[in-house]
Amino acid sequence: MHLQQYLRSVRHCDETELVRVSVALNEALQNAIFHGNLELDSGLRDVHNDEYYSTAAFRRTRTPWSERRVWLSASESRDEARYVIRDEGPGFDVSRVLADDPTDPKNLTRLSGRGLLLIRTFMSEVRFSATGNEITMIHRRETPKDALEDGETHNQSAMMQRETTT
Amino acid sequence: MNTNPNLIGLRVLRPEGGFVRLELVGQITRSDWPADYDPLVELCGRDVHSSKVLMNLSQANYLDSSGVSWLLACNKRFKEAGGSLVLHSISPLTMQFLKLMRMDLALTLAPDETTARQKANGVSHV
């Protein structure tokens, strides 16, 4: 994806870390699409996995779900990558979801609930809006001083929209 | 049988010793799959879950929560059908992700194919 390529070009991190950032970004986008805009409860995946995806496919073609958008704001530099992702769904109880531990032995075979674990592990800082439909993720370079040695800075800010039908 | 070969880099290797041998190259994610798509069934048929399947993940370079969800769903079907699924020779980054999610306790993992064969023959699903 474009954001991954740009992060590579500004030498923000090595390839392994780049994969981690990409996973976190993708998880946040999937959450915004499936749980936010399409209002799919992750619990449905545990009970009826196929129904979860067929319901998603159905809602992508029906209003109000099909009219919703996911907004992504990205700012990437050598020292820091910052992503803000907002969906147009009704939001969710952030505290309840964050309290859910997918590594608890009783949850290990569940099919859902691991996206936030990956996001929080791979990103330096993660914040949610009060209503839960906006997430801010920041990834910082481990040795930011190195980035200034040649006086080179790169910044990019972009507003993009990603449709739930993609 | 394989109508959507490009959705995931899964391919069949030469069968040996009664094992179905597979290799997965690239990304383990189901974000772009159709609702009723399962690459394992597309590639090996609906009765694959009663077989002993060894899946080489040495070339897997990306794993997300949807990919883990697919692996867990596969594992459950194998358990229900009397077969077994062993993931082996897992690339370091993929193994790191699996361990982060404690999938070393939920899936059957092996360091190499020889060990995977042993586990598949005497595997006890978790």
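Buried area is the accessible area, taken with a 1.4 Å probe, that two parts lose on being put together, summed over both. Keep in mind that this is a predicted model.

**Exercise 1.** Find out how much area chain B and chain A bury between them, and what sort of atoms it lies on.

*Solution.* Start with the contacts: 24 residues of chain B touch 24 residues of chain A. Next, the area: the two chains bury about 2000 Å² between them, and 63% of that is on carbon and sulfur atoms.

**Exercise 2.** Work out which elements of chain B supply its side of the interface with chain A.

*Solution.* First, check the polar side of things: 5 residue pairs are in polar contact across the interface, with both residues at pLDDT 80 or more. Now the elements: β4, α2 (65-81) and α3 (92-100) of chain B each give two or more residues to the side touching chain A. Of these, α2(B) gives the most, with 7 residues. Finally, sort the residues on chain B's side: 13 are nonpolar, 7 polar and 4 charged. As for salt bridges between the chains, the rule finds 0.

**Exercise 3.** Trace the strands that pair with β2(B), and say which way they run.

*Solution.* Take β1 (residues 9-12) of chain B: it runs antiparallel to β2 (residues 20-28) of chain B, with 4 bridges. Here B:Val12 partners B:Leu22. Then β3 (residues 52-56) of chain B pairs with β2(B) in the parallel sense over 4 bridges, and B:Val20 has B:Val53 as its partner. Last, β4 (residues 60-63) of chain B is also parallel to β2(B), over 3 bridges, with B:Ile28 opposite B:Leu63.

Notes:
Residues are numbered from 1 along each chain as its sequence is written. Chains are lettered from A and ligands numbered from 1 in the order in which they are written. This is a predicted model: local features need pLDDT of at least 70, side-chain atom pairs count only at pLDDT 80 or more; totals for chains, interfaces and linings use all residues. Side-chain values use heavy atoms; hydrogens and water are left out. Two strands pair if DSSP finds at least two bridges between them. Contact means heavy atoms within 4.5 Å. A salt bridge is a side-chain nitrogen of Lys or Arg within 4 Å of a carboxyl oxygen of Asp or Glu. A polar contact is a pair of N or O atoms within 3.5 Å; within protein, one must be able to donate a hydrogen and the other to accept it, and residues adjacent in sequence count only if both atoms are side-chain atoms. Ala, Val, Leu, Ile, Met, Phe, Trp, Tyr, Cys and Pro count as nonpolar, Asp, Glu, Lys and Arg as charged, and the others, Gly among them, as polar.
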